[in-house]
Amino acid sequence: MEKILQLKGGRDKAVRQMHPWIFSGAVESVQGDPQIGETVRVVSASGEGLGWAGYSPHSQIRARMWTWDPDQAVNEAFIHERIRRAVEMRRFWVPAQVSDAVRLVHAESDGLPGLVVDRYADWLVVQFLTAGAEYWRETILDALRSLTGLSQIYERSDVEARRLEGLPGRTGLLSGSGEPGPVRIQEHGLQFDVDVKSGQKTGFYLDQRDNRRLVGEITAGCQVLNCFSYTGGFTLYALRGGAESVLSVDSSAEALEQGAAHVRLNGLDPNRAEWLAGDVFQVLRKFRDQGRSFNRIILDPPKFAQTAAQAQRAARGYKDINLLAFKLLRPGGILVTFSCSGGVTAELFQKIVAGAALDAGVEARIVRTLTQAPDHPVAMHFPEGAYLKGLVCQV
Ligand code: SAH
């Protein structure tokens, strides 16, 4: 029996507009008893074929579209072709001289919902985030091996999203010989050792690649405060760019240690780098009370909001740190501030930062708006894919 997901009357608009998500509330019925992750034919209330989707029986997002072409077969050749297209695009946008660490597959935005693949030098790190992606696991791994020529693959499906899909978390070696140690990568000529086994995300924040370079171009002679530094990404670029000093703050002492190691690895001056383990919210308050000031401040916090519903709480967090940062900036100073919360739109983020400047009593202007690197594209009909927003503000 054919596996069919039928939409309710009047609930087919999003699918027709090529949005990949079908929410449970839009589903009239599911026929043919599809198993978790299986491909279902999506039809309108009147039975018109609208395409094919991966079935997620446990998630509020009940199915994710693989294709909007009712005549397209979702099979091994289809998966292979989608991955080929994604990998090919990165060769152009992130050539080897720029970096050997690149996101090869960016889920929905590459037409592969739930699949994330990051390349770190000779390693591939994969995340199967949805039932549909999990269903095609072996096909995906075969395609990756044949399209990249790489055989060492590590899994980092240790994410909350899997729980919502009714899938267990899963990590470990999938292919190749021997567990990965630190993987040395280069990015714009700087070297980093990436912990793909237990580092944050898949080990490194690839989406900030181009924004890190920008910071390297505006920090010569400056006293820099890098908040939420992780393993020193922005710090390294600022030091190479001639910063007088860089103070990096993160709650993870381990990440800071790695940051200090990165300074040595790149032959940069360790005396110009200071590392402070702590909560940025508290550190900024303390610095304000002490009357400290900086020429450049970077704020790259973790996600404060997963969803639009949590945006309110997130807004308070962003307002707080941006307000404090504006107070710590010297005249002529520059704040480089980010939000990677999906639920916070670019428009809302700019409003929050404007409110922070107002309350801090500074007159500021936006000189650049920033976004995620091109190996994190945004599918035209999936605005949710645009999650990273940045503002460069000068006072
Ligand atoms: N800018 C980094 C990535 C930052 S990721 C880069 O380019 O690589 C966010 C970081 O914030 C993580 O390292 C996490 O450990 C840290 N973090 C989360 N909450 C924090 C808090 N309240 N105070 C300080 N650091 C925090």
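Trainee: By class, which residues make up the shell around the ligand?

Mentor: This is a predicted model, where local features need pLDDT of at least 70, side-chain atom pairs count only at pLDDT 80 or more, and totals for chains, interfaces and linings use all residues. Residues are numbered from 1 along each chain as its sequence is written, and side-chain values use heavy atoms, without hydrogens and water. Around the ligand are 15 residues (a heavy atom within 4 Å), with Arg212, Asp250, Asp279, Val280 and Asp300 the closest. With Ala, Val, Leu, Ile, Met, Phe, Trp, Tyr, Cys and Pro counted as nonpolar, Asp, Glu, Lys and Arg as charged, and the others, Gly among them, as polar, the shell has six nonpolar, five polar and four charged residues.

Trainee: How far is a polar side-chain atom of Asp300 from a nitrogen atom of the ligand?

Mentor: A polar contact here is a pair of N or O atoms within 3.5 Å. For Asp279, a polar side-chain atom lies 2.8 Å from a ligand nitrogen. For Asp300, the distance from a polar side-chain atom to a ligand nitrogen is 2.6 Å.

Trainee: At roughly what angle do the axes of α6 and α7 cross?

Mentor: Two packed helices are described by the angle and the distance between their axes. Axes are lines fitted to C-alpha atoms over the stretch in contact, with angles from 0 to 180 degrees between N-to-C directions, and helices are DSSP runs (H or I, at least four residues) numbered from the N terminus. The axes of α6 (residues 209-217) and α7 (residues 233-240) come within 7 Å, and the angle is roughly 35 degrees.

Key: Helix = DSSP H or I, 4+ residues; strand = E, 2+ residues; numbered from the N terminus. Polar contact = N/O pair within 3.5 Å; in protein donor to acceptor, adjacent residues only side chain to side chain.
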